[in-house]
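Subject: A structure for you to look at

Hi there,

I am passing this structure on to you, and I hope you enjoy a first look at it. My notes on what was found follow below.

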Amino acid sequence: MNRKKDSFLSNLLFKDYRFIFTLWIVTSVTCGILKYFGGTYNNYRILRNVFWHARHQLPLYDVYPKEYFGVSHYGVFFSALIAPFSVLPNIFGIVLWVTANAWLLYYAIRKLPVSRNKHLFIYLLCIFELYNSLASQQFYVGMAALIILSYHLIEQKKEFFAAFFIMLGTFTSGYGVIGLAFLPFSKNKKRLIFSCLFWGLLMFLLPMSYTSNEYVWTQYYSWLKELISENNLNMFARYHNISLLGMVRKISGSGTYSDLWLAIPGIILFILPFCRIKQYRSKSFRMMMLASSLLFIVLFSTFSESGSYIIAMIAVTLWYINTPSRSSSFNMTLLIFAFFLTGLSSSDMFPPEIRRSFIFPFALKSLPCIIIWFKICYELCFLNFCLKEGIPQKEESPQMISNHNNEIDIVLPCYNPTANWPELIHDKMNQMNLYFPDKLFHLIVVNDGSSLRMSENEIGRFKTLLPNAQLISYLENRGKGYALRKGMENSCSSMAIYTNWNFPYDLESMKSIIKKLEEGYDVVVGARNNDYYHHAGLDLFRWFVSIFSWLLNWIVLGIRINDTQGGLTGMSRKGKEILLRTKINQFLFDTEFIYLASKNPEIYLCETQANLHEGKKFVFNGIKVLSRKITNFVRIAHR
């Protein structure tokens, strides 16, 4: 019993999103309360007054010693972002401000395409740096979230919303412009560029609605002057310029050279991996570019301070979980080095004498991140990320590609078939072999717990007619979705097609599916043509149900496939992986499959016209089935 209890507590504490989310929120609320009652929230005073100064059209970058110490370094648009917090009493404003930042970063990390354990690894390893950054009350936590969300939305082919976060980060502190580095990964580059122009113009004009045109123009000019001036002041600043630039500057003690001598080689090194276009297919490669981008803006900025290293620590964790390097012990050593020197050097865990004499004067907090960034650049330039993920190289010869693609698995779920089902399947396979002489078909038939016409005699006849076919049987009827997953678990070819056991579609439809798979699509859906709906004899109610289901798929699920339940679909290995992640056993299993495929940015999905044999129709099964479909649709929408 104690062992079970310990296991439960372990899973709850370290493998449950709810616990981690609670931990992050409690950390942020505690931080805000401590800062308020300790009277150490000067930075929040600066931030909240950006709105009030803009509202009264006062200079944003002047000194206001009666209100706070220091000067704002945020853009004019930041006044709109901070406005909801500025109108609240300080105690509520600061707590909500740091909590909102923590929640946004939690949400952004959750959107990264990694497993649950890797999510939790990122959350737990960054918790100390999260508190440190929230304690500064700056926008670094939120900025990390904006950059990650811009990357995520580009991956999801949602360039319009990605541009919003890129411009939001750019117009608040300038760091967000690094989101444009993900432009090469976009499937619609023009849309991303024009969306950036749209949101940029909107964010430039918005402050004019509560200030004036002249005020906004003059403050943006003053912002630029302030950034240039502060850049010079930060050269040897004790708590700023904690970066690669700052470490070299402070260790050398020289103020005569220009930072461009370091920045230009750094920019070149950062850009070089983008030349490896063939590696773009690798998710790990793109994630490593995200890590490189997050580190770059911290290591090559004189404005970097201790609180900005939440951005860098997230990058370190992304590197660790995505690197294709096999030097695991060295990678672990670097991770531990970063956790202690970068993550904990600003805390009381380090003796004050060490912090005052070495870490702050020489910007040593940046050292582990510098080493890791150079390692990332090397790996991005020289290692094969596609090989790690099993992605075939484009350099393969046409003969090699042909050898991969000439084998196709045909998966047929089968439940209570007609009496002549072995002969019918045998005849259909003979037709396919004659129609596709260059293909080698592997047949997988799944007996989905049939109670009729699956006697030993009939199964023996099937094995005699098709000795090389696989027949998978189980006693309980589980549904077509379950049967398909059982069949695909036994599929070994690079391509697979599933359809009904009686082959309702003509061979031309099968040819269209195969052609699209050979073109590189991962999921190809056979969509029944319009003739089916005209000649299927649908009454008004069934016609309404068909149209309504199409609208629900389009509006609620975002599926752009016209027919999700035709029963003829082809897929690559990646498509099979998606199918095996489905959970619905019966009605709408195919809708769930297409929904998951359409949401995966690495899956290429299309539809092709499918023609039913003359006289073939799909039967409407009544209100009871419709209610079960509605239940399953709700399950899909909540995935």
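**What was found**

Ser301 is buried, as its relative accessible area is 9% (buried means under 20% relative accessible area, exposed over 50%, and partly exposed in between, with a 1.4 Å probe and protein chains only). Ser301 sits in the loop between H14 and helix H15 (309–322); helices (H or I, at least four residues) and strands (E, at least two) are DSSP runs, numbered from the N terminus. The side chain of Ser301 makes a polar contact of 3.2 Å with that of Tyr175. A polar contact here is a pair of N or O atoms within 3.5 Å; within protein, one must be able to donate a hydrogen and the other to accept it, and residues adjacent in sequence count only if both atoms are side-chain atoms.

Before you read on, please note that this is a predicted model, in which local features need pLDDT of at least 70 and side-chain atom pairs count only at pLDDT 80 or more, while totals for chains, interfaces and linings use all residues. Residues are numbered from 1 along each chain as its sequence is written, and side-chain values use heavy atoms, with hydrogens and water left out.

Glu129 belongs to helix H7 (residues 127–135). Its relative accessible area is 1%, so Glu129 counts as buried. The side chain of Glu129 has a polar contact of 3.3 Å with the side chain of Lys365.

Arg48, in helix H3 (residues 42–55), is buried too, with a relative accessible area of 15%. Arg48 and Ser86 are 38 residues apart in sequence, yet their C-alpha atoms are 4.7 Å apart in space.

**The strands**

Seven of its eight residues are buried, so E1 is largely enclosed by the rest of the structure. E1 pairs with strand E2 (residues 440–448) in the parallel sense over eight bridges; two strands pair if DSSP finds at least two bridges between them. Asp409 has His442 of E2 as its bridge partner. E1 also pairs in the parallel sense with strand E4 (residues 495–498), over four bridges, and there Val411 has Tyr498 as its bridge partner.

On from E2, strand E3 (residues 470–474) pairs with E2 in the parallel sense over five bridges. Ile444 stands opposite Gln470 in E3.

**Salt bridges**

Side chains of opposite charge can pair when their charged atoms come close. A salt bridge is counted when a side-chain nitrogen of Lys or Arg is within 4 Å of a carboxyl oxygen of Asp or Glu. By this rule the count comes to nine salt bridges.

One of them joins the side chains of Glu155 and Arg286 (2.7 Å, N to O). Glu155 lies in helix H8 (residues 140–155) and Arg286 in helix H14 (residues 283–299), so this pair ties together parts that are 131 residues apart in sequence. Both Glu155 and Arg286 are buried.

Another joins Arg461 and Glu423 (2.6 Å, N to O). This pair links distant parts of the chain, with Arg461 in helix H22 (residues 456–465) and Glu423 in helix H21, 38 residues apart. Arg461 is partly exposed at a relative accessible area of 26%, and Glu423 is partly exposed at 28% relative accessibility.

Glu518 and Lys439 also meet in a salt bridge (2.2 Å, N to O). Here Glu518 is in helix H24 (residues 507–519) and Lys439 in the loop between H21 and E2, 79 residues apart. Glu518 is partly exposed, at 35% relative accessibility, whereas Lys439 is buried, with a relative accessible area of 12%. Salt bridges that share partners join Asp438, Lys439 and Glu518 into one network.
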